Amino acid sequence: MPTVSLEVKAVSATTTPAPGMKEAPRVAKLIDVSSCIGCKACEVACQEWNDLPPSVDRPFTGSYQTMPDLQWNFWQLIKFREVLHQDGRLEWTMTKYQCMHCADPGCLRACPAPGAIVQYANGIVDFVQENCIGCGYCITGCPFDVPRLNPQTGKVSKCTLCSDRVAAGLEPACIKACPTNCLSFGTKEKLLQIAHRRVEQLKERGFTKAGVYDPPGVGGTHVIYVLPHADRPEDYGLPKDPKVSWTLKLWKGPLKWLGRLIVFGGILAAFVHYLRFGPHRVREEDTGK
Amino acid sequence: MADRDEIQRFTMAERLIHWAVAISFVYLVLSGLALFHPSFYWLAYVLGGGPVIRQWHPIVGVLMFVFLTAMYLKWRRDMKLDDLDRRWLRQVHKYIRHEEGVPEAGRFNAGQKLLFKTMTLMGVLLLLSGIPLWFPMRFSRNLREWSILVHEVAALVAIGGLIAHIYMGTAVVRGSMRAMLTGWVSRAWARAHHPRWAREFERTS
């Protein structure tokens, strides 16, 4: 992506600094769950703009949900869930689900292929399919279970936050299609303000546990939610406390140092041993016939 | 047969198995290192590109496990540690410095036996942890996270063993390479490096 490389902030599997020298305002998508009507216009707009083939191989399972889950060619999904509250009330939640564009993306940390995952200065995390090797480590690294592998091509894909549209100054396709203003797009600062205002409104209306979902365990996200019951994000199909796992940090941190120490240190140690002690000598009395 | 001064150390079957393990293991190390850290990623280009090694690494891995099993069955009796071996291990600093006073080794010395056991164990761990990484969509995220950790630690142990093994076999114990290629060693070589085995051989022949 030559045109935007100056705005690249982080590149997967690369030890040299990212080229990013241009600052860009940090963007975000706000999903106000309290005003989603589950119309799925965002799903259609996403499929259309990104020119994704429709998946019609899944049987109808009696759910309002379009698909049971995200797919390599289905990047966002409205999750329909029936939640039974403790006081016996039944609540029907509908929550748009897609890549969260984490500030500390586990997928990017986990990726072993140089340049297969990039993070732009504006916060968008993008997969670059031509550099992808299909190992699936990003799927393991992602605390939101978002990336999907296409078994035919061996490439992983996910929501790009319409990085192509955003680069051209447009808002993502899903935002454009939303009829209720449940979705909005702008700088993260501005959207956090809007989100907190909306939370205040909800609290006045009796949703005392309303709040903003911007999980700190992944450094905050560039897709944020207003949740009427922010104390129970799992009611909306969102993880309670997503974080970059310690196994991933260990694996991409100390283990990498240990590994290089073993490889380079081992070769060096062998060389120094040879200089100091040389080969085993066969003693005279052994060679004597 | 061969002239009197030569002893057969490895049969054709043993050499074939050894080199089958060796070649597949070297491929696995090189392709694995490419994905282990960016400083080794150039190996991916040498081996045909990232997607190619992602496809072949697990297949060769299964292949190597088959060879490793054959090797284990072939050598497991020769690789049992006895009391002299345990004394050898306590004197290993003398062996490293080529000093006198190291207990005599049999067909394999205790270092080789330990390497054999380590490599077999790592082979099992690498296979078990490799399967969830091969088919990421079929296993839970938690299992995959642990598999990556186990796979990398086991691989690092095995790579450490490989470096030591190649160094000992080529540079330190001269004649080992010829033994593993042709199968034959001189009587002097056998007496110097594996005296118990040499005496046993002379007694029986």
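Select B:Arg141: this residue is partly exposed, with a relative accessible area of 24%. Here buried means under 20% relative accessible area, exposed means over 50%, and partly exposed lies in between (1.4 Å probe, protein chains only). A salt bridge here is a side-chain nitrogen of Lys or Arg within 4 Å of a carboxyl oxygen of Asp or Glu. Both residues sit in helix H7 (residues 141-172) of chain B, and because they are four residues apart there, about one helical turn separates them. Helices (H or I, at least four residues) and strands (E, at least two) are DSSP runs, numbered from the N terminus.

A note before moving on: this is a predicted model, where local features need pLDDT of at least 70 and side-chain atom pairs count only at pLDDT 80 or more, while totals for chains, interfaces and linings use all residues. Residues are numbered from 1 along each chain as its sequence is written, chains are lettered from A and ligands numbered from 1 in the order in which they are written, and side-chain values use heavy atoms, leaving out hydrogens and water.

Next, select B:Glu202 and B:Arg191. Their side chains meet in a salt bridge of 3.3 Å, N to O. This pair links distant parts of the chain: B:Glu202 lies in helix H10 (residues 195-204) and B:Arg191 in helix H9 (residues 187-193) of chain B, 11 residues apart. B:Glu202 is partly exposed at 33% relative accessibility, and B:Arg191 is partly exposed at 26%. Then pick B:Asp82, B:Asp85, B:Lys113 and B:Arg196, joined into one network by salt bridges that share partners.

Which residue forms a salt bridge with B:Arg107? Select B:Glu14: the closest N and O atoms are 3.0 Å apart. The pair spans 93 residues, from the loop between helix H5 (92-96) and helix H6 (110-134) to helix H1 (residues 12-36) of chain B. B:Arg107 and B:Glu14 are both buried. Over all chains, the structure holds 21 salt bridges.

Switch to chain A. Four strands form an open, mixed sheet in the order S9-S2-S11-S10. Strands pair if DSSP finds at least two bridges between them. S9 (183-187) and S10 (211-213) of chain A stand at the edges, each with a single partner strand, so one side of each has no neighbour in the sheet.

Last, select strands S2 (residues 27-32) and S11 (residues 223-227) of chain A: they run parallel, joined by four bridges. A:Leu30 stands opposite A:Ile224 in S11(A).
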